[in-house]
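Hello,

Here is the structure I promised to pass on. My notes follow below it.

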Amino acid sequence: MSLRLVAILMLGLASAGRAQGTLDVLIKGGSVYDGTGGAPRIADLGIRGDRIVFVGTAPAGTAARRTIDAKGLIVAPGFVDPHTHIDEDLADPVRRRLPGFLLQGVTTLVTGNDGGGSPGVAAARARLAQGVGANVAFLVGHGAVRGAVLGMAARAPSGAELDHMRALVAQAMREGAFGLSTGLYYAPGSYAATEEVIELARIAHAAGGYYDSHIRDESSYTIGLLGAIDEAIRIGREAGIPVHISHIKALGVDVWGKSDDVVARVLAARATGLRVTADQYPYTASGTSVGSSLLPRWAEAGGRDSLKSRFGRPDLRAKIAAEMVENLRRRGGAEALLITEGKWRGQRLAQVAKSTGVTPVAAAITIIGGGDAAVASFNMNDADIDRFMAQSFVVTGSDGSAGHPRKYGTFPRKIRRYALDRGVISLTRAIEASSGQTAAIVGLVDRGLLAAGKFADVVVFDSTAIIDKSTYESPATPAIGMRFVVVNGRLAIDRGRPTGALAGRALARGQ
Ligand SMILES: [Zn+2]
């Protein structure tokens, strides 16, 4: 017998063994939503190793090391969160288990958003070799790239500096980044002209990535919400790259009701063939810092020391304060800013001002001078949130960051309050917009759908029990209702409890 024939016979035996042998996990009789947006059906789901081997009816006598009775429960693809801020979690040996995300059903997280992602993607991925609770995909951040080349300088790059930035983006894409993120509202991203971003987006596109943007203005600060949407679309068109708008919103009283115009612009761009999508968290408050919400960006040019010296000059201090008064009005006033960390945690800026006997802006300057603090900024209205959510191009994204309940509640909150209770969208749509559609936007391979051959990232939840429990007062309270969460074939949540398994992987584009 030839070696070749032996090999073929052995291969045949092995695949027969795989088809008929014991499963690792069998999820029986659940209501299966496969993540495509198609109608649910009652089915079994078999897992062997890190893959789904079938979705359908398990033959009688199918053996499994673990059988989960999912009767009356919903079985769906593990959720994909396209926007998070989890650097600190990933650096901590306990927090990197990511239980707060797993208890929402999130099995894959994108990080490096808002321009913040380090160009050192290979190193970031290597650090996760120690284990991580869910899959993590990295974006390279324009702000980080610009910062590495130009620091906090508020000027255009020279030709050589732009080449250096291009090289950093190209390197990050080679190291597995899924795309380029920008934070054009924040310093130093705000110092970049549109053309600079287009140049770097071209590099990301050449490597097969997408463009993810915290747009330049979600309100009426500079170019306005609609101007910023137009800029994002222009970047997509000129760089030829798919555009993904982070945490889409109409921020502040000046632009309330403008969601209609935003939607019209995005739909018009999509009608020309450009891929434009967005994500959204279902809360009326955004999460940022006192400085980022109120300081004019020019005041931050050069970094913290420059800011301090500007505050030291009476003329500049007065100019900054005057602009802060206007920015505070845009955000709804001192009652609309809730401090969520540090000395004044739990107090509105108005209370801080009152108790210290100064104006709200003077109180804000003191907080910024003391190292700044996170805030929940109540600046959205429900009509805009509902209108955005109902769009076919809008998916779920937590923007999870410390101090805001969205980090622990986004996915269950959307399912419970927006789909099941209020019917803003259907449950099928909520699941699709939290799994298959998002996986396609990010470019994940074999994730986001329940089908044979896909990675076994699976959630099993109780639709009567699922709900977010995190609040602005208690932002880190985990959600409830997830019964089982499987990551790469391993149980990360078992009967509602985190197992501590480090079943996640550092993903790379194309793999
Ligand atoms: Zn952002």
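The radius of gyration here is taken over C-alpha atoms, and the globule rule is 2.2 Å times the number of residues to the power 0.38. For 511 residues, a compact globule would come out near 24 Å; the protein chain has 24 Å, which agrees.

This is a predicted model: local features need pLDDT of at least 70, side-chain atom pairs count only at pLDDT 80 or more, and totals for chains, interfaces and linings use all residues. Residues are numbered from 1 along each chain as its sequence is written.

The protein chain has 18 helices and 21 strands (DSSP runs, numbered from the N terminus; helices are H or I with at least four residues, strands E with at least two).

Strands S11 (210–214) and S12 (243–245) are joined by 3 bridges. Tyr-211 has Val-243 in S12 as its bridge partner.

Then look at Tyr-281. It sits in the loop between strands S13 (276–280) and S14 (285–289). Tyr-281 counts as buried because it has 29 C-beta neighbours inside 10 Å (buried means 20 or more other C-beta atoms within 10 Å, with C-beta atoms placed from the backbone). Its C-alpha atom is 9.1 Å from that of Gly-400, 119 residues away along the chain.

Best wishes

Methods. A residue is buried if 20 or more other C-beta atoms lie within 10 Å of its own, exposed if 12 or fewer, and partly exposed in between; C-beta atoms are placed from the backbone. Two strands pair if DSSP finds at least two bridges between them.
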